[in-house]
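Hi everyone, and thanks for making time. I'd like to walk you through a structure that may be new to you, so please have a look at it as we go.

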Amino acid sequence: MSFKSILQDMKGEFGSISRKGFDVKFGMKSRSHRVVQDTSFRIDALKQSCWANMPPELLRDVLMRIEASDDTWPPRKNVVACAGVCKNWREIMKEIVKSPEISGKLTFPISLKQPGPRDALLQCFIKRSRSNQTYYLYLGLNQASTDDGKFLLAARKCRRPTCTDYIISLNYEDVSKGNSAFVGKLRSNFLGTKFTIYDAQPTNTGAKVTKCHSTRLVNMKQVSPRVPAGNYPVAHIAYELNVLGSRGPRRMQCVMDSIPARAVEPGGVAPTQTEFVTSNLDSIPSLPFFRSKSGRGESVQSGLQSGQNEGMLVLRNKAPRWHEQLQCWCLNFNGRVTVASVKNFQLVASPENGVAAGPEHENVILQFGKVGKDVFTMDYQYPISAFQAFAICLSSFDTKIACE
């Protein structure tokens, strides 16, 4: 029996079993009795499988070959399926699958909270649904951004009397803070000129949570308060006012509270989340339940005040040049942006404390631009994550008074 046939047999046997259970854990099915049925079904099938007693060395070798062969989506779903078989398989896959910083691949949901690759931009695109004010982030599978990609995140716009919230979720259909797939939010001020990105998970041990409820009720059962719940501010975004109405593109600045400025230097390190916090370590990693109520009067300017962003990574938009023949402002998006829009931008690292800019400050960390009606490209790289990049791009969609 060839090794290739072993892999095919393995994928066919465990694919339908583990993928079904894995989807249930991440909110695709919400009823508790379905979770019990699917879990027992997966365990019984595993016990009856010929792979149940495979030697650990051989099992690791097989899983390594699956990970290496299925390096793109949609075949990479087999890697996720293997991680959902049992605890033993999951631990092995967690060791084999590297973070996006090293592999340049998005595999597990936690990859969306980890910094992108160091040497290249990870190409994604955003689709806007005007009817329900929802935005969907996809991983680009080819150069055509209009084709269906791998779904990553969804965000829904919620207007408040004094601000606007963008709820960000892993769930395509149910984008709400009450869903277990809630991962964070973006909040603007009344003018739409200042924004704060909140993460539902602490990015590091020293993260500070804003005022919120530590517990919530889920299906009439209280979740353990040991599970961290709240809004952890990870970035502040500010758009420069243009009250005189002078010609030119928007000017923006992002202060990344959780990323040190030295992260963009050679050998620099950015905080990396390794897993979603869960109250049951023996279960497949699932997202915590959150329902936070930040005060409406929260100041989104706290991270942008002078003296408070010292040591933090500051991103600024790359200045475009005026094209005399085209009579417009231009930036080199290397073919990734095809439609002129005031929303288009490129972000680079701003030199720290007046230090002379080096080559690392010319590298584009995030670029966002329009390619069609309600379709936009989003390319990002280290040291920001897909979640952070998506939230920054959402701020460009929001209406801005006195900025254009």
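Of the 404 residues in this protein, 51% are buried. Please keep in mind that what you see is a predicted model. The protein has seven helices and 16 strands. Its exposed surface comes to about 19700 Å², with carbon and sulfur atoms supplying 51% of that. Now take the contacts with a separation of 6 or more: 63% of them are between residues 24 or more positions apart.

Let's begin with the helices. Helix H3 covers residues 56-69, which is 14 residues. From its first C-alpha to its last it reaches 20 Å, close to the 20 Å expected at 1.5 Å a residue. Which residues of H3 are buried? They are Leu 59, Val 62, Leu 63, Ile 66 and Glu 67. If you look down the axis of H3, these buried residues fall within an arc of 135°, so they line one face of the helix. On the face turned away from that buried side, you'll find the exposed residues Glu 57 and Ala 68.

Next, the strands, and I'd like you to find E1, residues 122-129. Is E1 largely enclosed or open? Six of its eight residues are buried, so E1 is largely enclosed by the rest of the structure. E1 pairs with strand E16, residues 375-380, in the antiparallel sense over six bridges. Within that pairing, Ile 126 has Phe 376 of E16 as its bridge partner. E1 also pairs with strand E2, residues 134-139, again antiparallel and over six bridges. There, Arg 128 is bridged to Tyr 135 in E2.

E1 and E2 form a hairpin, with four residues between them. Gln 133 sits in that loop, and its phi is near 50°, a positive value in a residue other than glycine. At 31% relative accessibility, Gln 133 counts as partly exposed.

There is another residue of this kind. Asn 334 has a phi near 55°, also positive and also in a residue other than glycine. You'll find Asn 334 in the loop between strand E13 (328-330) and strand E14 (345-349). At 63% relative accessibility, Asn 334 counts as exposed.

A bit of background here: most residues other than glycine have a negative phi, and most peptide bonds are trans. On the peptide-bond side, Trp 73 to Pro 74 is cis, with omega near 5°. Pro 74 lies in the loop between H3 and helix H4 (77-83). Tyr 382 and Pro 383 are joined by a cis peptide bond too, with omega about 15°. Pro 383 belongs to the loop between E16 and helix H7 (386-397).

One last stop: Gln 367, in strand E15, residues 366-372. Is Gln 367 buried or exposed? Gln 367 has a relative accessible area of 4%, so it is buried. Its side chain makes a polar contact of 2.9 Å with the side chain of Gln 346. Leaving out residues up to four places away in sequence, Gln 367 touches several others, including Leu 121, Phe 333, Arg 336 and Phe 345. Thr 377, Met 378 and Asp 379 are among its contacts as well.

That's my tour, and I'm happy to go back to any part of it.

Technical notes. Residues are numbered from 1 along each chain as its sequence is written. This is a predicted model: local features need pLDDT of at least 70, side-chain atom pairs count only at pLDDT 80 or more; totals for chains, interfaces and linings use all residues. Side-chain values use heavy atoms; hydrogens and water are left out. Buried means under 20% relative accessible area, exposed over 50%, partly exposed in between (1.4 Å probe, protein chains only). Helices (H or I, at least four residues) and strands (E, at least two) are DSSP runs, numbered from the N terminus. Two strands pair if DSSP finds at least two bridges between them. A polar contact is a pair of N or O atoms within 3.5 Å; within protein, one must be able to donate a hydrogen and the other to accept it, and residues adjacent in sequence count only if both atoms are side-chain atoms. Contact means heavy atoms within 4.5 Å. Accessible areas come from the Shrake-Rupley method with a 1.4 Å probe; for residues, only the protein chains shown count as cover. The expected span of a helix is 1.5 Å times one less than its number of residues. The arc is that of the directions from the helix axis to the C-beta atoms.
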